[in-house]
Amino acid sequence: MTASPTNSAAPASDATATAPDGTPLPRTMQPGERAPDFELPTSDGQKIGLAGLRGRRVILFTYPEAFTPGCTGEACDFRDAYADLRDAGYTLLGISSDSPERNAAFAAEHGLTFPILSDVDHAVQSTYGAYGMRNKYGNWKVGPIRSTFVIDAQGTLEHVFPNVVAKGHVGRVRKALGLA
């Protein structure tokens, strides 16, 4: 199990970490913890819940906003790696705060063939520590935190990549999974 912490999401051992203005940072989930169950609408009108995926390994990546350069690059990198991930036994899910309709347009425009889930109220992202106070280009603000969670077949977090930089991230995930 590996955690790949970067900079602004609070580690589990430091629940009191704060931004410069004193706002608490979100608690980042850690490898070995049970992945919280959820059910969210997809870009094609279905609903997907983590409980329904028990017995499968899942890669869950959260991204801030469809059609932005970093999010588009990351989603397309996952798209390009999707066949290898699927062949290795992983189910790939993307989550954003966008509406199902916006995610559908994003998926169609970029040929994304894996499910994109809509978390418009940020409930799932918040539970996973992927929404809250974050440092974006030196400015502190509240919003989605680009993160990836690898969940084993029993529903336990195997790898956690909090607050990642989009460029090169999918390669780092593949390497951690022994697929690079």
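Of the contacts in the protein chain with a separation of 6 or more, 61% are between residues 24 or more positions apart, a contact being heavy atoms within 4.5 Å. What you have open is a predicted model, in which local features need pLDDT of at least 70 and side-chain atom pairs count only at pLDDT 80 or more, while totals for chains, interfaces and linings use all residues. Residues are numbered from 1 along each chain as its sequence is written, and side-chain values use heavy atoms, with hydrogens and water left out.

**The whole chain**

Colour the chain by secondary structure, and you will find four helices and 10 strands, where helices (H or I, at least four residues) and strands (E, at least two) are DSSP runs numbered from the N terminus. Along the sequence they follow the pattern β-β-β-β-α-β-α-β-α-β-β-β-β-α. Buried residues, meaning those under 20% relative accessible area, with exposed over 50% and partly exposed in between (1.4 Å probe, protein chains only), make up 49% of the 180 residues.

**Helix α1**

Select Glu74, which is in helix α1. Is Glu74 buried or exposed? Glu74 is buried, with a relative accessible area of 0%. Leaving aside neighbours within four places in sequence, Glu74 is in contact with Phe61, Thr62, Tyr63, Arg146, Thr148, Ala166, His169 and Val170.

**The aromatic rings**

Now show the rings of Phe, Tyr and Trp (its six-membered ring), which pair if their centres lie within 6.5 Å, with planes under 30 degrees apart counted as stacked, over 60 as edge-to-face and the rest as tilted. By this rule there are eight aromatic pairs. One of these is Phe61 with Phe114, an edge-to-face pair at 5.8 Å centre to centre and 65° between the planes. Because Phe61 lies in strand β4 (residues 57-62) and Phe114 in the loop between α2 (100-110) and β6 (116-118), the pair ties together parts that are 53 residues apart in sequence. Both Phe61 and Phe114 are buried.

Tyr128 and Phe149 are both buried.

To see a cluster linked by ring pairs, select Phe61, Tyr63, Phe67, Phe78, Tyr82, Phe106 and Phe114 together. The charged end of Arg86 sits over the ring of Tyr82, 5.1 Å from its centre, a charge being counted over a ring if NZ of Lys or CZ of Arg is within 6 Å of the ring centre and within 35 degrees of the ring normal. Arg57 likewise lies over the face of Tyr90, at 4.3 Å from the ring centre.

**Helix α4 and what follows**

Finally, go to α4, where His169, Val170, Val173 and Arg174 are buried. They cover an arc of only 140° around the axis, taken from the directions from the helix axis to the C-beta atoms, which puts them on the same side of α4. The buried residues of α4 pack against α1 (69-87), β9 and β10 (157-161).

After α4 comes Gly178, whose phi is positive, near 75°. Leu179, in the segment after α4 (169-176), counts as partly exposed at 26% relative accessibility. Apart from neighbours within four places in sequence, Leu179 is in contact with Leu85, Ala88, Tyr90 and Arg174. The C-alpha atoms of Leu179 and Leu85, 94 residues apart along the chain, are separated by 8.0 Å.
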